[in-house]
Amino acid sequence: MSFEVLLLDESAERIDEADTYRQEGPLTTFFRTGPGRTVVDAWSERIASFRTTEIRRIRRVDEAPAGRLRAVE
């Protein structure tokens, strides 16, 4: 799974292999969780962080069959 982050300056960042995200103080952080895990815990890996005030939109992007991307809002 991936996430697409649209920032206030209209730039977009794609965060691949992230399972979830959450706010940590002034930042929104994207995580990869362990196999079979559904929560952020000590075993989760931080992948990327952005200032929450700079984020306009976050969209989850799932892989569709035949390598096509499908956005889920």
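I looked up Phe-30 and found it buried, with a relative accessible area of 0% (buried means under 20%, exposed over 50%, partly exposed in between, with a 1.4 Å probe and protein chains only). The model is predicted: local features need pLDDT of at least 70, side-chain atom pairs count only at pLDDT 80 or more, and totals for chains, interfaces and linings use all residues. Residues are numbered from 1 along each chain as its sequence is written, and side-chain values use heavy atoms, with hydrogens and water left out.

Next I looked at ring pairs. Rings of Phe, Tyr and Trp (its six-membered ring) pair if their centres lie within 6.5 Å; planes under 30 degrees apart count as stacked, over 60 as edge-to-face and the rest as tilted. I note 4 aromatic pairs by this rule. Phe-3 and Phe-30 have ring centres 5.5 Å apart and planes at 55°, so I log the pair as tilted. Phe-3 is in strand β1 (residues 2-7) and Phe-30 in strand β4 (residues 27-32), so the pair ties together parts 27 residues apart in sequence (strands are DSSP runs of E, at least two residues, numbered from the N terminus). Phe-3 is buried at 5% relative accessibility.

Tyr-21 and Phe-30 also make a tilted pair, 5.3 Å centre to centre with 40° between the planes. Tyr-21 is partly exposed at 36%. Ring pairs join Phe-3, Tyr-21, Phe-30 and Phe-50 in a cluster.

Last, I checked Asp-16, in strand β2 (residues 12-16). Its C-alpha is 6.6 Å from that of Phe-3, 13 residues away in sequence. I found Asp-16 partly exposed, at 42% relative accessibility.

Technical notes:
Helix = DSSP H or I, 4+ residues; strand = E, 2+ residues; numbered from the N terminus.
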